[in-house]
Amino acid sequence: MNDYKAALNLAHQESLRFLEELRDSPADAEIDQATARSRLVTDLPDTGLPDEDVIAELIAAAKGGIPRQAGGRFFGFVMGGIHPAGVAADWLSSAWDDAPGTPLAAPFGCAVDRLAGEWALDLMDLPREASVGIVTGATMGNFVGACAARHALLRREGWDVEAQGLFGAPEIHVVTGDAHPTMLLALRMAGFGAARRHIVPLTEDGAIRADALAEILAGLEGPILICAQAGHINTSAFDPFPEICALAKEHGAWVHIDGAFGLWAQASPALRHLTNGVELADSWSVDAHKLLNTPYDGAFAIVRDRDAHAGTMSLAASYLPQQEGARDPSHFVPELSRRARGTAIYATIRKLGRHGVADAIEKLCANTKLMAELLTAEDGITCLNDVVFNQAVFSFEGASPDDVALAVRQSGEAWVQAADWQGQRIMRCSVADHSTTKGDVERAASAIINAYRELARKDS
Ligand SMILES: Cc1ncc(COP(=O)(O)O)c(C=O)c1O
């Protein structure tokens with residue numbers, strides 16, 4: 001007999017405890033992966049356990065193993081926070097075991113999936129005729145974009161890539177700037193090969209230089225896919241979309257935009273200048289679990305040419321009948337069975353409304369500027385990018401950014417991390433959680449400055 005009540009009550013209590021303690025807990029996890037594993041039952045048991053005991057065991061094993069990325073002081077990756085409505089909707093999707101692959105098996109899930117996509121187009125003011133697939137993340141959004149581009153560009157050449165594959169097909173030239181590694185993964189999965197791309201010289205902050213793109217395109221014959229970016233992972237630089245799309249039009253090229261987090265600038269009247277011209281592209285990838293702060297996972301794969309989108313992603317089987325007038329979400333994503341990601345997205349947007357989304361994005365941007373202001377007031381700390389959105393990168397004179405970041409994480413005050421940028425190690429700061437307050441930024445900045453002072457003194 002399944003005892004839902006006991007297991008779900010336990011999960012409910014633990015979720016509330018975790019969330020209530022979130023803001024006062026250390027930003028980092030307190031145990032590593034090996035310790036976490038040592039707490040789990042590693043040898044496959046021959047016999048099972050009552051549901052409630054399984055959950056109790058999981059809760060005990062997870063203690064201290066979850067970084068508090070929704071606690072307001074997590075600035076490491078562009079990971080974002082959560083909203084109560086989104087989390088609760090996600091719970092419901094699990095309880096309903098809702099799987100919006102086909103409308104026959106999930107009428108409600110398919111309706112919400114569709115609406116979440118329509119709202120995404122509205123919020124980001126993208127062409128309303130575009131089709132939307134709700135995928136796991138921007139990685140898969142990039143993959144869908146690359147596949148749709150492949151389909152449409154080769155169709156124009158008289159080549160049916162879905163039937164014939166890429167062997168012997170006319171060559172598609174791929175042009176990128178400093179693409180996110182997941183864009184390169186998407187290109188690899190779509191059969192383009194990451195190393196064959198033409199790389200466009202960049203501006204200081206990592207955006208494509210339109211003059212350099214023009215030069216590269218002038219030397220190419222045949223179909224072209226341009227992968228542009230709304231929001232560079234380190235600097236949040238935005239590519240010059242009007243110029244890129246005008247050049248693409250001249251050369252018959254397809255423009256895909258990886259807008260994992262940066263495309264959300266479109267949702268704010270105050271920040272839309274950053275994404276000017278983005279609506280002229282052919283396909284877009286944007287995460288919900290990043291700046292919209294839905295629970296993991298969820299993202300939008302958006303394609304202007306619905307036929308190319310469905311042409312590359314749809315499948316058919318006699319046991320999956322089409323319903324008259326119903327939309328089949330599985331025609332726009334690379335999966336058949338999938339969790340109902342649209343439900344948590346719908347609930348989060350429903351809670352925030354259009355203005356709430358804009359306010360949340362603007363707040364992230366203001367907090368990033370504040371972080372840069374507070375840190376650069378300290379002698380020896382330099383901000384290396386123009387802080388236009390939610391990303392800032394810092395160098396530390398006389399101290400290693402890796403050491404500073406580690407010391408800050410160990411203090412529990414904030415979560416930051418180092419990376420390479422423009423030939424040097426830097427500390428990255430991504431502001432992606434709507435619950436981050438001015439006080440959280442001040443607390444994190446103090447921790448970073450204290451760690452830096454301590455390390456710079458030791459080194460001198
Ligand atoms: C610019 C960019 N593109 C793509 C991705 C991949 O997104 P996801 O991890 O949601 O698949 C990221 C993740 O940080 C990103 O910053």
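This is a predicted model: local features need pLDDT of at least 70, side-chain atom pairs count only at pLDDT 80 or more; totals for chains, interfaces and linings use all residues.
Which residue in E5 stands opposite Ala228? Ile257 does.

Residues are numbered from 1 along each chain as its sequence is written, and side-chain values use heavy atoms, with hydrogens and water left out.

**The sheet**

Helices (H or I, at least four residues) and strands (E, at least two) are DSSP runs, numbered from the N terminus. Two strands pair if DSSP finds at least two bridges between them. Strands of a sheet pair through backbone hydrogen bonds, either parallel or antiparallel.

Here seven strands form an open sheet with mixed pairing, in the order E1-E7-E6-E5-E4-E2-E3. E1 and E3 stand at the edges with a single partner strand each, so one side of each has no neighbour in the sheet.

E4 (residues 224-229) and E2 pair in the parallel sense over four bridges. In that pair, Val175 stands opposite Ile226 of E4. E4 also runs parallel to E5, joined by five bridges. E2 and E3 (residues 198-199) run parallel too, with two bridges. There, Thr176 stands opposite Ile199 of E3. Between E2 and E3 the chain passes through helix H8 (residues 181-189), and this β-α-β crossover is right-handed. That term means that, with the strands pointing away from the viewer, the path from the first strand over the helix to the second runs clockwise.

Which way do the side chains of E2 (residues 173-176) point? His173 and Val175 point one way, Val174 and Thr176 the other, and all are buried. Buried means under 20% relative accessible area (exposed is over 50%, partly exposed in between; 1.4 Å probe, protein chains only).

In H8, the residues Thr182, Met183, Leu184, Ala186 and Leu187 are buried. Their cover includes H6, E2, E4 and E5; contact means heavy atoms within 4.5 Å. Just after H8, Gly191 takes a positive phi of about 90°.

H11 (residues 306-313) has Ala308, His309, Ala310, Thr312 and Met313 buried. Among the elements that cover them are E1 (131-135), H6 (138-156) and E7 (299-303). At the start of H11, a side-chain oxygen of Asp305 reaches to within 3.0 Å of the backbone nitrogen of Asp307.

**The ligand**

Of the 13 residues around the ligand, Thr139, Thr182, Asp258, Asp287 and His289 come nearest. A residue counts as near if one of its heavy atoms lies within 4 Å. The table lists polar contacts, which are pairs of N or O atoms within 3.5 Å (within protein, one must be able to donate a hydrogen and the other to accept it, and residues adjacent in sequence count only if both atoms are side-chain atoms).

| Residue | Its atom | Distance to a ligand oxygen |
|---|---|---|
| Ala138 | backbone N or O | 3.2 Å |
| Asp287 | polar side-chain atom | 2.8 Å |
| His289 | side-chain N or O | 2.8 Å |

Taken alone the ligand exposes 390 Å², and the protein buries 84% of that. Accessible areas come from the Shrake-Rupley method with a 1.4 Å probe; for residues, only the protein chains shown count as cover.

**A loop residue**

Asn293 sits in the loop between E6 (283-287) and E7. Is Asn293 buried or exposed? Asn293 is buried, with a relative accessible area of 1%. A polar atom of its side chain lies 2.8 Å from the backbone oxygen of Ala432. Asn293 also touches residues including Gly80, His83, Thr348 and His434, not counting those up to four places away in sequence.
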